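Subject: Structure handover

Hello,

Here is the structure for you to look through. Please open it beside this email and follow along.

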Amino acid sequence: MNELVLEKVKQAGVAGAGGAGFPTHVKIACKAEYVIVNCAECEPLIKSDKYLMEQHSQAIVTGLEAVMDCTGAKYGVLAVKHKNKTAVGALESAASGNEKISVHLLENYYPAGDEQQIIYEVTGRVIPVGKLPIEAGCVVINAQTAFHVAEAMESSPVIRRNVTITGEVHSPLTVTVPIGTAVTYLLELAGGVTCEDYTVIIGGPLMGRAAEDVKSEFVTKTTNGVIVLPTNHELVRKKTSSLEQELKIAKAACCQCNYCTLVCPRSNLGLGVMPHKVMQALTFSNAGVLVDGNAALGCCNCGLCTYVGCNMGLSPSRFIARMRTELLAKKVKSNREPGPVNLFREDTKVPSKRVIQRTGLADYDREVPYVDSYDAPRAVRIMLKQHIGAPCIPVVSEGDMVRVGQCIGQIPEGALGANIHASMSGRVVTVSKDYIDIMEA
Ligand code: SF4
Ligand code: SF4
């Protein structure tokens, strides 16, 4: 392992930018055969990685090379959808000088960016449920994360990221903003909201969450999208309705047709995920019906069973998430290797266009041009926990002057976490248990 790379990545506060924010210095502290950069960006409507790949392909390759150096990987792979032709060309050109690095083209299906799918597409390997990609000799990092690793090599911390703002806004766009920018500020950058009663989804439409109070939302290292939808949109209903109410409906309406399992990409990889079995167990109020913990434990929360599979309007993915949490709390673990991959897996792939149609998002499938010139926010709120692990401990006090890039919160001793940094110069006006506010002086 290259300790210098690890230390630079740690100091810069790099965390997985495409998922839950796993601290990157921990993820790459291993020996790997493959390092795969996940450039799939498979959630509908979001284009933040697309522009990053087009504009910063060289930095993404530099980040990949640093992680390969750290892990001793023989192969570096940039896995990107073939439909993003400009990005593919930019990545191929940037990687052309390194014979260990290749570009792997993915079809335009959802969820092509799921870690299990991408590892299978590149290596033909499947990771047992509950194990990490390194069990298959792989480290997978997101394109934005690779970019942040490249910046870390130049001793530049994570202080900005690309975000797409779209949906019910006047001028959808993609923009690079300081970490800590208010989501309300992003809505202004997009020309304002176009409907009265709206809900903001933070992240992609399928895996993102509905914001309870948009005024309390600020860009973190993992915020790739902000999508505004009418509150009465079906997709919003499925995210926000009471689970107890949903359960009552499911007891009456789930006909055990199995369609949710037939579309499940984890099931089709032989991982034993069976949303219909989870529904059966829940609707009979008998978890004992669920004879195989893998039915829930192997779920990646992609939402396909809910948004595409179920014709009865039910939400198996929400129930499966709840059951997964319960099983993990009881320390139930998977006890078996993956079964065979579905011979007809290729036929089960759900094209992204179909996902857009089924989720009622076709009207919002628009251009989101990259805008590089705008008035920067005059204040930011940097959350102390933007990653998996423990919140950072503030190392500044109210009234302090800070400069852009300065470390303002550190990982607690011996804990899992990622440092945070000032994304603008100014005065620290608030230090709370959850965040640090900085205002232009
Ligand atoms: S949740 Fe929906 S798709 Fe799944 S078995 Fe029940 S009715 Fe069928
Ligand atoms: S959310 Fe549904 S479709 Fe996606 S992995 Fe989980 S069970 Fe399968």
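This is a predicted model: local features need pLDDT of at least 70, side-chain atom pairs count only at pLDDT 80 or more; totals for chains, interfaces and linings use all residues.

Residues are numbered from 1 along each chain as its sequence is written, chains are lettered from A and ligands numbered from 1 in the order in which they are written, and side-chain values use heavy atoms, with hydrogens and water left out.

**Domains**

The protein chain divides into domain 1 (3-153), domain 2 (159-233 + 360-377), domain 3 (257-351) and domain 4 (378-441). Those bounds come from an automatic or database domain assignment. The centres of domain 2 and domain 4, taken over C-alpha atoms, lie 23 Å apart. Domain 2 gives 11 residues to the contact and domain 4 gives 16 residues. Contact here means heavy atoms within 4.5 Å.

**The two ligands**

Start with ligand 1. Around it are Cys254, Cys255, Gln256, Cys257, Asn258, Tyr259, Cys260, His276, Met279, Cys310 and Met312. A residue is near a molecule or strand if one of its heavy atoms lies within 4 Å of it. Helix H11 (259-263) and helix H12 (275-283) each supply at least two residues of this shell. Helices (H or I, at least four residues) and strands (E, at least two) are DSSP runs, numbered from the N terminus. By class, the shell around ligand 1 has eight nonpolar, three polar and no charged residues. Nonpolar covers Ala, Val, Leu, Ile, Met, Phe, Trp, Tyr, Cys and Pro; charged covers Asp, Glu, Lys and Arg; the others, Gly among them, are polar.

Now ligand 2. It has 14 residues around it, and Cys264, Cys299, Cys302, Gly303 and Cys305 come nearest. Helix H14 (304-309) and helix H15 (316-329) are the elements that give two or more residues to this shell. The shell around ligand 2 has 10 nonpolar, three polar and one charged.

Serine 48 is in helix H3 (residues 48-55). Serine 48 is buried, because its relative accessible area is 1%. Buried means under 20% relative accessible area, exposed over 50%, and partly exposed in between (1.4 Å probe, protein chains only). Leaving aside neighbours within four places in sequence, serine 48 contacts Glu41, Arg161, Asn162, Val163, Thr164, Thr174 and Asn224.

The whole structure holds two aromatic pairs. One joins tyrosine 51 and tyrosine 370: the ring centres are 5.7 Å apart and the planes meet at 40 degrees, so the pair is tilted. Rings of Phe, Tyr and Trp (its six-membered ring) pair if their centres lie within 6.5 Å; planes under 30 degrees apart are stacked, over 60 edge-to-face, and the rest tilted. Tyrosine 51 sits in helix H3, while tyrosine 370 is in the loop between helix H17 (352-358) and strand S12 (379-383), 319 residues apart. Tyrosine 51 is buried at 10% relative accessibility. Tyrosine 370 is partly exposed at 23%.

The charged end of lysine 50 sits over the ring of tyrosine 51, 4.5 Å from its centre. That takes NZ of Lys or CZ of Arg within 6 Å of the ring centre and within 35 degrees of the ring normal. The charged end of arginine 381 sits over the ring of tyrosine 435, 3.6 Å from its centre.

**Helix H6**

Is helix H6 (residues 115-123) mostly covered or mostly uncovered? It is mostly covered: seven of its nine residues are buried. Among them are Ile118, Ile119 and Val122. The cover includes strand S1 (34-39), strand S2 (75-81) and helix H16 (345-348). Just after H6, glycine 124 takes a positive phi of about 80 degrees.

**Backbone exceptions**

Most residues other than glycine have a negative phi, and most peptide bonds are trans.

- The peptide bond from tyrosine 110 to proline 111 is cis, with omega near 0 degrees.
- Glutamine 256 has a positive phi, near 55 degrees, and is partly exposed at 27% relative accessible area.
- Lysine 331 has a positive phi, near 60 degrees, and is exposed at 68% relative accessibility.

Best wishes
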